Amino acid sequence: MTASSPPALNPAQREAIRYLDGPCLVIAGAGSGKTRVITHKIAHLVASGVKPTAIAAITFTNKAAREMQERVAALVKLPERERPVVSTFHALGVQIVRTEARALGLKPAFSILDADDALAIIQQALATTDRKLLRAVQARISLWKNAMLGPDEALAAARGELEQSAARVFREYAATLRAYQAVDFDDLIGLPLHLLRTDADASQRWRERLRYLLVDEYQDTNASQYELLRLLAGPRAAFTAVGDDDQSIYGWRGATLENLERLGRDYPSLKVIKLEQNYRSSQRILEAANRLIAGHPKLYAKTLWSALGAGEPLTVVACENDEQEAESVAARLSAARFERRGRWADYAVLYRGNHQARVLEQALRNAKIPYVLSGGQSFFERAEIRDLLAWLRLLANEEDDPAFIRAVTTPRRGVGTATLAALGEYAGQRQRPMAAALSESGFEARVSARQLAPLREFGAFVARMSARAAREPAAQVLDDLLAAIGYRAWLFESADEKAAAARWTHVTDFVDWVKKRAADEDATLAQVAQSVALLSQLDRRDEDLDAVRLSTIHAAKGLEYPHVFVIGCEEGILPHRGDAEASEEGDAAADDSPTGGARVEEERRLMYVAVTRAQRSLTLSWCAARRRGRDTVRREPSRFLTEMQLEAARASRQTAQEDARERLSRLRALLGKPPGRG
DNA sequence: GCACTTTATGTTTTT
DNA sequence: CATAAAGTGC
């Protein structure tokens, strides 16, 4: 955030904010103040007498939702209970499924499976261990769900061997989820959609409840999200969709630009407003971005312009390898901050894939540069947190077999794979959850007494705890649970002192988080488990932390930083090359054959998103060689650098000199001498 | 049959 | 380099 006060609303923004009568589409270019339009429109709606709780603003990421919540809260002072709904599509889905669980054939304490749990189910159905294949099948099923196809329709539409077997797995997968009283992420959209389509009463209720809808990042909606939106809006069609076709980067998740087109067709009275003034970036940055996206097909043409000055020239850094790249970034960060006397938090390093953060972290640690990692390995994906989460889920929903399996083996209590397999098979035949099947006499006949004893004990313990969980506060139960299963001791047994201590810290952080959550929202165990499933990071308030931001480009969408580094601007990374084998050398001109056109277009938009995050300076780097596994692969600079008309700076010698110069100035900083002018 | 140790293996992006 | 399947003591 810059220190200067925000400019007054421009005419287009004002128009978008005041247009309340019908469907409205705001085409908002990068940095054109779209969040401001949404928050001010909410304020305007409240001022116009719309009941705040009847306004729903929908975003895609939790981060965006939280930021918007804060900005709305600052603009419209309301007690917590009376605030507008600001949530992600999926969080809204949870709310609807929770409220309407009975009608949907679910208990309110249904489980939400994360991608890993879901993958395990697919693995069982497919009977393979090929991770690549499993992921492909999972992605295929997800795309079908997002396109609103059921297993039958999927089978009919399936072409080729892979899709056929994926469709068969789909059927089994859906049945398994139902048996577990569990839903996956896609169901959080699909189930509300199903409800609104088939239940006129419920449909009426929800339209009454959410009378005005605002959708952020509309270009990222998929077919089912669009349909959900359309049904929620109803004939009144009081909604505002805000988006930018140039920033559509979730095609791989089913997002489709057709939704922009459909809006015009489905709502002939659609009011389209374009925001074309960019308040974020210097002209040089904006011009590079415009060159990059110029050839991109557009539904609503727009011309972005900036009243800010020309700004600093863009920098391209060529590096020998990824380690050198990381060091170069670290050196430039140190030097730049020293020269500008700014905050670390003004700098962001963006990259294509999470794994790229590793080398970078090392370099920043060496250079003693503080950083925060956003996205990446999320807090809630840590093994120790997933352990606890499995316990929470099991206590809330004994039908959740994946949670049962994890809980019964964590910590180890004498139940092994063979016993579990026997239980699983028996439970499958009897159509009962594993937690219930273990105490049936039919099962006892199948296993030895030695196998049965620990299972029995476990079953009794779970029964005791879940009975308590139904009555007592979630936090209390969690504390006692941890003590009873001896989790802390187990952690310290299974890892060295240091690692165990770190994990235990995560556990206590998590427990604190649950306590706060339970207290704030009067939430049950099940509700806590459900909300955790959607979260990727603990709500640490690290905005206040003065540290360099490290983020994937995807996770940085919607954010802005004074100074941005984009690393890995290479063919194969950005644009990412699918499964094509390690490249033949030379032949950089073959930019048509290996990668499909649509795929490159999305990569181009991704690069566009990266570039347009920058306000004042932009540094792009690439490596001539990159280690992959054991061997090293030669790399070519990204075609996008050329398209932006940036010299791909082959001069690694010059680069090294620059870095040396910067290291020198960093040294000066350490010595406390004033910086050289110029 | 269970739990632990070694060895192969493989890397987009997120709710 | 981290995770997960196969292999080895108990």
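**Figure 1. Glu-217 in the loop between β6 (212–215) and α11 (223–233) of the predicted model.** Glu-217 is not a glycine, yet its phi is positive, at about 50 degrees. Most residues other than glycine have a negative phi, and most peptide bonds are trans. Glu-217 has 25 C-beta neighbours inside 10 Å and therefore counts as buried.

**Figure 2. Arg-341 in the loop between α14 (322–340) and β12 (347–351).** Arg-341 is a residue other than glycine with a positive phi, near 60 degrees. Because 8 C-beta neighbours lie inside 10 Å, Arg-341 counts as exposed, whereas Glu-217 counts as buried.

Figure 3. Pro-411 belongs to the loop between α17 and α18. Pro-575 is situated in the loop between β15 (561–566) and α27 (597–611).

**Figure 4. The open sheet of 6 strands, paired in parallel.** The strands follow the order β3-β2-β6-β7-β1-β8. At the edges stand β3 (85–88) and β8 (271–275); each has a single partner strand, so one side of each is left without a neighbour in the sheet. From one strand to the next, the twist averages 15 degrees.

**Figure 5. Pairing of β2 (residues 55–59) with β3, and the helix packed on the sheet beside them.** Strands β2 and β3 are joined in the parallel sense over 4 bridges. Ala-56 is placed opposite Val-85 of β3. Helix α3 (residues 62–75) packs on the sheet, where it touches β2 and β3. The direction of α3 makes about 165 degrees with that of β3.

**Figure 6. Helix α4 (residues 89–99), largely enclosed by the rest of the structure.** Of the 11 residues of α4, 8 are buried, so the helix is largely enclosed. The buried residues are Phe-89, His-90, Ala-91, Leu-92, Gly-93, Val-94, Ile-96 and Val-97. One of them, His-90, is also among the closest residues to DNA strand B.

**Figure 7. Helix α21 (residues 449–471) and the helices that cover its buried residues.** At 1.5 Å a residue, the 23 residues of α21 should span 33 Å; the end C-alpha atoms are 33 Å apart, which agrees. Leu-455, Phe-458, Val-462, Met-465 and Ala-469 are the buried residues of α21. An α-helix has 3.6 residues a turn, so residues three or four places apart point the same way. The cover over the buried residues of α21 includes α16 (383–396), α17 (401–408), α18, α19 (434–437), α22 (474–485) and α25 (525–534).

**Figure 8. The protein surface near DNA strand B.** DNA strand B is surrounded by 33 residues, of which His-90, Asn-354, Gly-416, Ala-418 and Thr-419 are the closest. By class, the residues of this surface divide into 8 nonpolar, 19 polar and 6 charged. At least two residues each are supplied by α6 (131–146), α18 (417–430) and α26 (553–556). Helix α18 provides the largest share, 3 residues. Helix α18 is also part of what covers the buried residues of α21, and the loop that holds Pro-411 lies between α17 and α18.

Note on methods:
Residues are numbered from 1 along each chain as its sequence is written. Chains are lettered from A and ligands numbered from 1 in the order in which they are written. This is a predicted model: local features need pLDDT of at least 70, side-chain atom pairs count only at pLDDT 80 or more; totals for chains, interfaces and linings use all residues. A residue is near a molecule or strand if its C-beta atom, placed from the backbone, lies within 6 Å of it. Ala, Val, Leu, Ile, Met, Phe, Trp, Tyr, Cys and Pro count as nonpolar, Asp, Glu, Lys and Arg as charged, and the others, Gly among them, as polar. Two strands pair if DSSP finds at least two bridges between them. Axes are lines fitted to C-alpha atoms, for helices over the stretch in contact, and angles run from 0 to 180 degrees between N-to-C directions. Two residues are in contact if their C-beta atoms, placed from the backbone, lie within 7 Å. The expected span of a helix is 1.5 Å times one less than its number of residues. A residue is buried if 20 or more other C-beta atoms lie within 10 Å of its own, exposed if 12 or fewer, and partly exposed in between; C-beta atoms are placed from the backbone.
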